[in-house]
Amino acid sequence: MSSPFFLFILCSLTVVCTGAGGSLDETSPFSPKASLIRYWNKQISNNAPKPSFLMSKASPLNAVDAAAFAKLVDRNALSSHLSSFCAAAGLLCFPDLSPSLEKHEKDSNFAVYSNRNFSNYGNERLGGLDSFKNYSGGENLPLDSFRRYSRNAAGHNDKFDSYGPDGNVVDQSFNTYGVGATGGTGEFKNYNRQVNVPNLNFNNYGADGNGRAHKFTSYTDDTNSGNEKFSSYGRNENGAPNEFKNYATDSNVIGSDFSGYGESGNGANDSFTNYGVNGNVPENTFKTYGSGGNGAIESFATYRDQSNVGDDNFQSYAKNSNSAKVNFANYGKSFNEGTDKFSTYGQGAQGQSVGFKVYGVNNTFKDYAKKSDVSFASYTSRSEAAAAAAEAVKTASGRRVNKWVEPGKFFRESMLKKGVIMPMPDIRDKMPKRSFLPRTITSKLPFSSSKLPDMKQIFHAADNSSMESMIIAALGDCERAPSPGETKRCVGSVEDMVDFATTVLGHDVVVRTTDNVAGSGKQILIGQVKGINGGKVTESVSCHQSLFPYLLYYCHSVPKVRVYEADLLDPSSKAAINHGVAICHLDTTAWSPTHGAFLALGYGPGRIEVCHWIFENDMTWARSG
């Protein structure tokens with residue numbers, strides 16, 4: 001606790017000092033917000049109003065707390081106070097799990113539950129049924145652990161129905177679930193539907209089991225940007241049918257990793273039906289899947305059908321297996337061409353039968369089962385695929401072309417005229433609310449891949465957890481080399497953002513964003529339009545959020561743009577509902593041909609300019625004018 005003398009001196013200099021506890025109001029000149037205002041006045045040379053949307057993201061810590069937490073960082077002791085640090089500083093941190101529910105002697109129905117630890121739950125159970133319905137529904141940061149659940153049980157059924165729907169940054173772990181179990185069923189239905197950034201781990205799930213069936217129906221449908229890992233799933237299992245039906249349908253940027261799945265299993269029967277259909281950039285890896293198995297039957301029907309791009313990697317799939325039957329029907333018929341790699345697929349297998357029927361393009365078969373019985377029927381050639389894609393873009397009604405490009409997300413510069421009616425995309429921020437940290441703290445915290453163990457220790461990031469994935473992804477974005485002509489920096493404080501923007505653009509700058517989210521997902525009427533810097537071609541600095549424990553922005557220079565402000569009106573009443581900020585990229589030469597802008601607008605890299613609105617909590621800096 002601070003000394004009475006220190007508090008007396010501090011209180012004598014501040015506007016408000018709140019009594020006995022020594023807690024200081026944020027109007028203290030020593031608070032992080034007061035320090036930020038002084039820094040802003042020093043670095044920004046114009047008298048434009050300070051942007052309230054940015055200032056509101058500054059650290060809420062008061063002077064005493066900021067100094068105390070900075071000292072904990074110096075002493076490498078912040079991890080022991082993480083809960084209080086996250087609460088005081090407005091950070092994104094996962095709760096520690098509650099005590100394990102060790103005993104389980106009868107059927108159970110878990111409804112409206114969340115953030116529980118089900119370790120050793122249902123071990124050696126004979127028969128019975130456990131139901132998890134509407135569990136962790138609509139929650140922010142749900143954290144559930146099913147470790148050694150139903151281990152060595154016999155005839156025990158588990159049902160996960162509408163589990164974790166509409167959650168945000170979901171972390172669920174099924175480690176050694178159902179290991180050694182005989183009979184019974186594990187069913188996941190409508191699991192994690194419409195969740196944001198899931199991290200799901202099935203490690204040693206059902207390993208060494210006997211005749212236990214697993215079903216994943218409507219699993220992670222309409223889900224956004226996450227990862228699912230099936231490691232050693234069904235390993236050494238005997239006669240176990242596994243069904244993945246309508247898995248990750250309509251999902252956005254979902255990664256699935258099947259490592260050691262069904263390895264050395266006997267009589268496995270796996271079915272992937274409508275897996276990843278209509279997905280956007282699905283990434284699936286099957287590594288040593290079914291390796292060393294005996295008599296396995298595996299079916300991939302309508303897998304990744306009509307998806308946008310996407311990549312599948314089959315490495316050592318069914319290697320050294322015996323009498324395996326694998327059928328790929330309507331596999332990888334992506335709307336926009338993806339990539340599939342088969343490396344040492346079926347190598348060393350005996351009596352294997354593999355069929356590819358109506359299979360997509362852009363595939364690599366390396367050391368592929370040279371002694372196996374492999375048939376390719378209706379395999380799409382690259383020229384056929386190119387012709388089909390061109391015809392689809394030309395003749396489609398727009399629904400499929402724009403499946404993953406929301407109407408209004410990209411538009412031409414000519415649309416920014418008074419009187420134009422156009423759709424506005426959903427510009428709402430989907431990320432959890434967080435605050436910046438004071439630079440006095442971020443400057444002391446580790447932030448590099450070489451310091452990953454230290455970062456994991458501070459933020460209680462377990463291996464394969466959402467927090468670990470979050471940290472690794474942010475580091476990857478921040479440490480990658482800039483694109484040609486790009487200048488970039490990740491910033492964890494407003495001061496750092498100001499430094500980057502003024503370094504690129506000079507000190508006479510203004511930062512802008514769209515005022516609010518009114519009009520999202522609806523038709524809007526363009527009102528008065530103003531071009532920044534007189535509508536001249538300029539350079540800007542755009543900043544986008546990264547998912548990280550504290551507020552972290554990826555900022556980069558954007559050359560050859562025009563920036564606009566526009567009044568947005570209700571088309572019916574003509575009433576003003578929003579004030580939008582849009583940026584038009586005039587040079588798209590380096591953009592990917594598969595960029596969503598070209599799917600929505602046609603043409604290709606370098607042939608057109610592309611405009612978009614600045615979404616909620618994103619921002620763009622430009623020179624004043």
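**Notebook: disulfides, helices and backbone**

The model is predicted: local features need pLDDT of at least 70, side-chain atom pairs count only at pLDDT 80 or more, and totals for chains, interfaces and linings use all residues. Residues are numbered from 1 along each chain as its sequence is written, and side-chain values use heavy atoms, with hydrogens and water left out.

**Entry 1: the partner of Cys584**

I found that Cys584 forms a disulfide with Cys611, the sulfur atoms being 2.0 Å apart. I count a disulfide where a pair of cysteine sulfur atoms lies within 2.5 Å. A disulfide is a covalent bond between the sulfur atoms of two cysteines. The torsion about the S-S bond of Cys584 and Cys611 is about 105°, so this disulfide is right-handed. Cys584 lies in strand S29 (residues 576–585) and Cys611 in strand S30 (residues 610–613), so the pair ties together parts that are 27 residues apart in sequence. Helices (H or I, at least four residues) and strands (E, at least two) are DSSP runs, numbered from the N terminus. For Cys611 I read a relative accessible area of 0%, and Cys611 is therefore buried.

**Entry 2: the other disulfides**

Cys543 is joined to Cys555 by a disulfide, with 2.1 Å from S to S. The torsion about that S-S bond is 115°, and the link of Cys543 and Cys555 is right-handed. Cys543 sits in strand S27 (residues 538–546) and Cys555 in strand S28 (residues 552–569), and the two cysteines are twelve residues apart. Cys543 has a relative accessible area of 0% and is buried; Cys555, at 0% relative accessibility, also counts as buried.

Cys86 and Cys93 form a disulfide with their sulfur atoms 1.8 Å apart. Is this link left-handed or right-handed? The torsion about the S-S bond of Cys86 and Cys93 is about -60°, so the disulfide is left-handed. Cys86 counts as buried at 8% relative accessibility, and Cys93 counts as buried at 15%.

**Entry 3: H2 against H10**

I examined helix H2 (residues 32–43) and helix H10 (residues 494–505), whose axes come within 10 Å and cross at roughly 10°. H2 and H10 are therefore roughly parallel to each other. The contact of H2 with H10 has, by class, five nonpolar, two polar and two charged residues. From H2, Leu36, Tyr39, Trp40 and Gln43 meet Val494, Glu495, Val498, Asp499 and Thr502 of H10.

My terms here are as follows. Axes are lines fitted to C-alpha atoms, for helices over the stretch in contact, and angles run from 0 to 180 degrees between N-to-C directions. Angles under 35 degrees count as roughly parallel, over 145 as roughly antiparallel, 65 to 115 as roughly perpendicular and the rest as oblique. Contact means heavy atoms within 4.5 Å. Ala, Val, Leu, Ile, Met, Phe, Trp, Tyr, Cys and Pro count as nonpolar, Asp, Glu, Lys and Arg as charged, and the others, Gly among them, as polar.

Helix H9 (residues 466–479) has 14 residues and reaches 20 Å from its first C-alpha to its last, close to the expected 20 Å at 1.5 Å a residue. I take the expected span as 1.5 Å times one less than the number of residues. Which residues of H9 are buried? I noted Ser466, Met467, Glu468, Met470, Ile471, Ala474, Leu475 and Cys478.

I then located Thr442 in helix H7 (residues 439–442). Its relative accessible area is 13%, so Thr442 is buried. Leaving aside residues up to four places away in sequence, Thr442 touches Leu437, Gly492, Ser493, Asp496 and Tyr550.

**Entry 4: positive phi**

Most residues other than glycine have a negative phi. I noted His460, not a glycine, with a positive phi of about 55°. His460 lies in the loop between helix H8 (452–458) and H9, and at 40% relative accessibility His460 counts as partly exposed. Lys560 likewise has a positive phi, near 55°, and Lys560 is found in strand S28.

**Entry 5: totals**

I recorded eleven helices and 31 strands in the protein. Of the 625 residues, 51% count as buried. Among contacts with a separation of 6 or more, residues 24 or more positions apart account for 75%.

Conventions. Buried means under 20% relative accessible area, exposed over 50%, partly exposed in between (1.4 Å probe, protein chains only).
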